[in-house]
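Hello,

The structure is placed below for your files. Notes on what was found in it follow after that.

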Amino acid sequence: MKLALYGATGMIGSRLLAEALDRGHEVTALVRDPARLTTRHERLSAVVGDVHDAGSVAALVAGHDAVISAYGKGPGGDSATIVAAARSLIDGVRRAAGPRLLVVGGAGSLHVAPGVQLVDTPDFPAAYKADALAQRDALEVYRTVTDVDWTYASPAAVIAPGTRTGTFRTGTDDLVTDAEGNSRISAEDFAVALIDEVENPSFRGRRFTAGY
């Protein structure tokens, strides 16, 4: 498949890039600064792309089978750009008329009890709350869309570089936890879950999550 990937230099995006290439896909990395992309591969091309410019999105993703966004606002960035990026991606992919859109979102909007989301629990870290609320708002934007083939992927509560095991559980709107109540996944296994969804769609038009 031919994939367009935003955020290929980030913690999750770089794992998505590696997983996609390892599986034989052709990847166009749409990045702000191609010099930051250190991976070299015969099936990888790097193109300057602005996720906030719907016209640019439309032009660059045309002809791809799927668009994956691992966009992050970056340290010190404005959380509002998360929702703006969602609207731009939807508009651009809609104009491109064809590609699926898969988005790396946040865990904060996952339910931990009936009517209670992780972001609203007392122990949710204050430093991450603005981003989590913006990711929740972005998910609601996607949920209003019926003319774009979208999927929103929420990781477990804790995601960090680790080991690719290929073993995890998936869910939809509830936080996935282990027997001890912990919710975690390696960035490598989250990439496996997302590329699995690219290859074998199970969550079209909705959110899914993955954890151990």
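Strand β8 (residues 150-154) pairs with strand β12 (residues 206-211) in the parallel sense, over 4 bridges; strands are DSSP E runs of at least two residues, helices are H or I runs of at least four, and both are numbered from the N terminus. Two strands count as paired if DSSP finds at least two bridges between them. Tyr152 has Arg207 in β12 as its bridge partner.

This is a predicted model, in which local features need pLDDT of at least 70 and side-chain atom pairs count only at pLDDT 80 or more, while totals for chains, interfaces and linings use all residues. Residues are numbered from 1 along each chain as its sequence is written, and side-chain values use heavy atoms, with hydrogens and water left out.

The order β3-β2-β1-β4-β5-β8-β12-β10 describes an open sheet of 8 strands with mixed pairing. Its edge strands, β3 (44-48) and β10 (169-171), each pair on one side only. From one strand to the next, the twist averages 20°; axes are lines fitted to C-alpha atoms, for helices over the stretch in contact, and angles run from 0 to 180 degrees between N-to-C directions.

Helix α2 (residues 54-61) packs on the sheet and touches β1 (2-6), β2 (26-31), β3 and β4 (66-69), contact meaning heavy atoms within 4.5 Å. The direction of α2 makes about 155° with that of β1. Helix α3 (residues 80-96) lies across β1, β4 and β5 (100-104) and runs at about 165° to β5.

Ser186 is in strand β11 (residues 184-186). Ser186 counts as buried because its relative accessibility is 6%, the limit being under 20% relative accessible area (1.4 Å probe, protein chains only). Apart from neighbours within four places in sequence, Ser186 contacts Ile159, Ala160, Gly162, Thr163 and Tyr212.

Regards

Note on methods
Buried means under 20% relative accessible area, exposed over 50%, partly exposed in between (1.4 Å probe, protein chains only).
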